[in-house]
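This report is for a reader new to the structure. It goes through a few selected places in turn.

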Amino acid sequence: MRSAFLVLSLPLLLAAFSVARPSPLPAPLLPPAFDQNATRFLATELAQSFPSRVPGTADATKAANWFRDQLRQYGLPVVSDTWEQSAPGLGRVRLHNIWAVAAGQSSDAIVVMAHRDDAGAGPGADDDASGTAALIELARTYAEPSTPAEQRVRAAHTVVFLSTDGGAFGGLGAARFAAHLPFKVVAVLNLDAVASTGPPRLVLTGDRPRSPAATLVETVARRVLEQTAQSPRRASLLGQLIDLGFPFTLYEQGPFVARGIPAVTLTTAGERPPAPFTDRPGRLSAARLGQLGRATQEILGSLDQGLELAQGTTSYLWLGDRVIRGWAIELVLIALVVPFLVGAVDLFARCRRRRIPLRPALASLRTRLGFWLFLGLAFWFFDLLGAWPGGSARPPDPGLPAVGKWPLATLVGLVVVAVLGWIVSRHRLVPRRRVTAEEELAGQTAALLGLGLIALLLMATNPFALLFALPALHAWLWLPQVRNASPLTRAGVYLAGLVGPLLVLLSLAVRYDLGLDAPWYLLELVGVGYVPLPAVVLTLAGGAAAAQLAAVALGRYAPYPPPGERPARGPLRELVRRTVLAFRARRRATEGRNRAFGG
């Protein structure tokens, strides 16, 4: 196994040579002309006039009409898209996307977007009346004459100013526009909460393990630096790895990046939108709004004159102003699996040489897998009954009231179903006699081989997700070595393997400020279908292997019993028999007490 780590040297060397420093596109020739005071006035007007812009409400409709009226005065053609869709906590509502088009010499479109709605808990002045107001001001600069000769300069690319609906409820409008593109979109810049005093930040995550073109990101970062004298923040290296292994974002660039369209969100908020009680018009910063507005205008100019150099999506990690290619990171992660596979195969060969039977251990693992898949089916059945919060396959805003309300009755029902499933399965999983050391070794070997198969499937689906499996692979491979150690040592080795899976929960709890609501929010992402089905199935399979290793570590493992040791009846029939016998015994005891009392 130690020798197998030599395989890692080549991927590390390739990763080192894959490091590159992307260059930004040049700045445009014309200076920006962005009126920050007029934009702040528009943001305040929208927030105060329509403070509850929840999709489907009267204020949402009035806000849409207000946006149309603001754009019509600039002479740009305005287009609307209306549809009905299920939103978290709202049910089925009518949504409206609105966009204005500044035609260019090419039909290839650059989209600038901001969502118009809010969650209804506050006026949404920063999130996202500020982005909507900036959108209107940017449209004005493209509609009015921009040269002393009083002739509007026609852009090389078509520029689309998109106001989406349902942004505070999972980016519904952005997902709709990305799925039904009326243009050939070559780049997207999303403005979200751009008027707070916080530092500028770039959000690059997609709904799939992809990243926007590095040249686009560097161009956005350079234009923001020129206007604010601050380099925009990005996620940490670990955060970027987690985002590729578990693609998740609350901002509206996600659906575009997932479809191969380079998209970036520019914001002054954190990983999640600002809290409603702080999102008031009086807190809007005209200076910051002007800085990011001018930066956006400069970004559009840079993209317009050199967009062909910043197209497409790929995957990579940012290290300062350099990037490491995603394929190199994938090779490193895959190479880290090789030592585990070598160790697991060697353990399998050792069992074969010592003639330790593995079939009972594999059958025990199969039974556990059946139980975990039963849990998944029970979760899905509860979802069909409407027990879990509904909605489209989009991540709901953690600030929504429905997110923090755990359906306790549903969770209790799921626990009851799980207990019943375990009662049916346990007859073939609990020890009936003293289990030998060879049988325990076979149980560990079967579970480790199962983990190896899961790792291979992760390579085929999303190699970045190996980040969550590698701690378990390398820690749990030592469990056969410490099987004679103290219970505390065995427990420590086992718990070390859980660090990887816990990274997802810790990311949701800390980065997105979900705290103890992180497990429930993750279940909600699974319930609405945002987490892909293959990832859910592989997680359940991993749970089965982990459960078998835990049973061995705790001394509760038993191989699948041979025919001579099995109960005469199957688990379900035996459960029914025992229930009926217990009921009859209780009835006889009651009748006996009644006769004794009567006598």
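Where does Ala229 lie? Ala229 is found in the loop between helix H6 (214–228) and H7. The model is predicted, and in it this residue has a positive phi of about 60°, although it is not a glycine. Most residues other than glycine have a negative phi. Ala229 has a relative accessible area of 66%, and because the cut-off for exposed is over 50%, Ala229 is exposed.

Arg355 is also not a glycine, and its phi is positive at about 55°. The loop that holds Arg355 runs between helix H10 (326–353) and H11. Its relative accessibility is 76%, so Arg355 counts as exposed.

## A cis peptide bond

The peptide bond from Asp127 to Asp128 is cis, and its omega is near 5°. Most peptide bonds are trans. Asp128 is part of helix H4, which covers residues 125–143.

Is Ser163 buried or exposed? Its relative accessible area is 0%, and because buried means under 20%, Ser163 is buried. The residue belongs to strand S4, made up of residues 157–164.

The side chain of Ser163 makes a polar contact, at 2.7 Å, with the side chain of Arg116. Setting aside neighbours within four places in sequence, the residues in contact with Ser163 are Phe67, His96, Asn97, Ile98, Ala114, Arg116 and Leu135.

Ala27 sits in the loop between helix H1 (9–18) and helix H2 (36–49). With a relative accessibility of 33%, Ala27 counts as partly exposed.

How far apart are Ala27 and Ser302 in sequence and in space? They are 275 residues apart in sequence, while their C-alpha atoms are 5.3 Å apart in space. Not counting residues up to four places away in sequence, Ala27 touches Ser302, Arg223 and Gln305.

## Helix H17

Helix H17 spans residues 518–528, and its buried residues are Ala518, Trp520, Tyr521, Glu524, Leu525, Gly527 and Val528. Which helices do the buried residues of H17 pack against? They pack against helix H11 (359–384) and helix H16 (499–511). After H17 comes Gly529, with a positive phi near 90°.

## Cavities

How many cavities of 30 Å³ or more are counted? The count is four. The largest cavity has a volume of about 220 Å³. Its lining is made of 18 residues, and those nearest its centre are Leu204, Thr205, Ala235, Gln240 and Asp243. At least two residues of this lining come from each of strand S6 (201–203), helix H7 (237–245) and strand S10 (316–319). By class, the lining of the largest cavity has seven nonpolar, four polar and seven charged residues.

The second largest cavity has a volume of about 120 Å³. It is lined by 16 residues, and Gly167, Ala168, Leu250, Tyr251 and Pro273 are the closest to its centre. The lining of the second largest cavity divides into six nonpolar, five polar and five charged residues.

Methods:
Residues numbered from 1 in each chain as written. Predicted model: local features only at pLDDT ≥ 70, side-chain atom pairs only at ≥ 80, totals over all residues. Heavy atoms only, no water. Helix = DSSP H or I, 4+ residues; strand = E, 2+ residues; numbered from the N terminus. Buried < 20%, exposed > 50% of the residue type's maximum accessible area, 1.4 Å probe, protein only. Polar contact = N/O pair within 3.5 Å; in protein donor to acceptor, adjacent residues only side chain to side chain. Contact = heavy atoms within 4.5 Å. 1 Å grid on protein atoms, 1.4 Å probe; cavity = no way out; pocket = protein on both sides within 12 Å on 5 of 7 lines; lining within 4 Å. Points joined across faces, edges and corners; volume = space filled by probe spheres on them. Nonpolar A, V, L, I, M, F, W, Y, C, P; charged D, E, K, R; others polar.
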